Amino acid sequence: GPRWLTGDLHVHVSPPDEPGHSTLTVAAALDAARRAGLDFVVLTPHDAHVSVPPSEETGGKPLYGQELVQRQAAAHLAATVRPVGQDPGGAGPDRGKPLVVVSGWEWTRESPGHLGVSFVEVAALANYVGDAKAERALSAGGLVVVNHPYFRPVKSDLAVMKLVSGDRRWRPFFGEGEDAGLWNAIEVWHDRSVWIERLHAGSAERFPDTQMVTNALASWDAATLTFRRRITAVGGSDAHGRLPYTVAPMPMVSVLVDSTDEEGLRRGLLGARVTFGRDGGPAARSFAATSDVAGERAVIGGSVRARNEVHLTWYGEARLVENGMPVGTFDGGVTRRLPAEGAFAFWRIEARDDAYSNMIYANLP
C-alpha cells in the first residue's frame with residue numbers, strides 16, 4: 001500500500017565527476033545514505049552525460065557516466081543487501097538496508113542555471129541542444145528540477161560567508177533572461193541555502209538576500225500562480241563529501257509512493273506527493289482536503305473540484321499559505337472560500353520542526 005519514503009535528490013559522486021570534485025564514490029554515497037536512514041538517493045554528477053573510455057570497470061566498452069553509476073550502484077547493492085535477518089558480512093546493519101538508487105544528472109549551465117534531471121536516460125538527450133534537452137526530458141516523464149535557485153555570494157557580516165563562491169542561482173528568477181518553464185520542480189530546501197538562512201536568522205532585514213529558502217518558496221508560489229500547473233518543491237543536500245559542500249546524503253524530502261521502487265518514486269515526485277524540510281518534513285504529511293462537491297478529496301499534490309469552499313485539514317498547528325500569501329496559523333485545519341465560483345486556488349502548510357508540504361489545489365487546470 002501507499003507509504004512514505006525519505007531521501008535525498010542531489011548527491012555528487014566521482015567518477016563520473018572529475019577526481020576531487022566529490023570525495024564520494026558511488027559505494028561511499030550509498031553507504032552514507034544507509035547510515036542516514038534514507039530509503040532512496042538520487043545521484044546527480046555533473047558528468048553523467050560524458051562518455052567514459054573503455055576499461056575493465058566499464059566492461060571494455062565506452063559508457064555514459066550515468067551508465068557507469070548504474071553499473072556501480074547495482075554491483076554495490078548486490079554485494080551488500082541481504083535478506084531480512086541476515087548479517088550483511090558483519091559490516092553493520094546500515095549496509096544491509098534496502099535502498100532505491102536513481103542515476104541522474106546535474107545539467108550545469110551558466111545561464112539560465114543548473115537543472116537536476118532524473119528518471120531519464122542521458123543517452124536519449126544527447127542529440128538535443130539547449131532547452132530542447134529539458135523539453136525532451138519532460139516529455140519522457142522525467143523530473144527536471146531548478147537546483148539551488150538562490151545560492152550565490154551575498155552581502156553578510158559573517159566571515160564564514162567568504163566560503164560561498166560561484167553564482168549558482170536560477171537567473172530567470174532575477175529577471176535575467178526568458179524562462180520557458182521547461183522544468184517541473186524547484187529545489188526549495190537546498191542544504192547550504194538552509195544553512196545560510198539560519199546563520200542570518202537574526203539579521204534577515206539587513207541582509208535579505210541571505211533568506212534563500214524564503215525566496216525560493218516565494219518563487220515557487222509565484223510560478224504556480226503564473227503557470228497554473230503542478231510544480232513539485234523538493235529538497236536536496238548537494239553533498240560532495242567535503243566542505244564547504246554538504247558532506248553526506250541527508251533526509252531532505254519525503255515522497256508518498258504506491259510502490260517502493262524507482263517507478264513508484266518517479267510517480268510520487270511528479271505527482272507532488274511530497275513534503276520537505278528537516279528530516280524530510282514528516283510533520284506536514286497529514287495535509288488533506290475535501291470540498292463542497294460531494295466525494296471530492298485530495299492529499300498533498302492533489303486537486304479537488306470545488307464550487308465555493310474547500311476544507312483543509314492537518315494534525316496540530318500549522319501556518320497556511322494560500323495562493324502564495326500567508327493567511328494565519330490554525331490548529332487542525334480551516335475552511336477557505338474561493339474568490340469566485342469554480343476558481344483556481346492552491347494551499348500549502350508550514351508545520352512544526354521545519355516541515356513543509358507541497359500544494360493542494362482547487363480546480364487545477
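**Exercise 1.** Which residues in α4 meet which residues in α5?

*Solution.* The model is a predicted one, in which local features need pLDDT of at least 70, side-chain atom pairs count only at pLDDT 80 or more, and totals for chains, interfaces and linings use all residues. Residues are numbered from 1 along each chain as its sequence is written, and side-chain values use heavy atoms, with hydrogens and water left out.

Step 1. Helices are DSSP runs (H or I, at least four residues), as are strands (E, at least two), numbered from the N terminus. Contact means heavy atoms within 4.5 Å.

Step 2. From α4, the residues Ser-193, Val-194, Ile-196 and Glu-197 meet Met-212, Val-213 and Thr-214 of α5.

Step 3. This contact of α4 with α5 has four nonpolar, two polar and one charged residues (nonpolar: Ala, Val, Leu, Ile, Met, Phe, Trp, Tyr, Cys and Pro; charged: Asp, Glu, Lys and Arg; polar: the others, Gly among them).

**Exercise 2.** Describe how α4 packs against α5.

*Solution.* Step 1. Two packed helices are described by the angle between their axes and the distance between the axes. Axes are lines fitted to C-alpha atoms, for helices over the stretch in contact, and angles run from 0 to 180 degrees between N-to-C directions.

Step 1. Helix α4 (residues 191–199) packs with α5 at an angle of about 120°, and their axes are 7 Å apart.

Step 2. α4 is therefore oblique to α5 (under 35 degrees is roughly parallel, over 145 roughly antiparallel, 65 to 115 roughly perpendicular and the rest oblique).

**Exercise 3.** What kind of aromatic pair do Phe-173 and Trp-183 form?

*Solution.* Step 1. Rings of Phe, Tyr and Trp (its six-membered ring) pair if their centres lie within 6.5 Å; planes under 30 degrees apart are stacked, over 60 edge-to-face and the rest tilted.

Step 1. The structure holds 10 aromatic pairs. Phe-173 and Trp-183 form an edge-to-face pair, 6.1 Å centre to centre with 85° between the planes.
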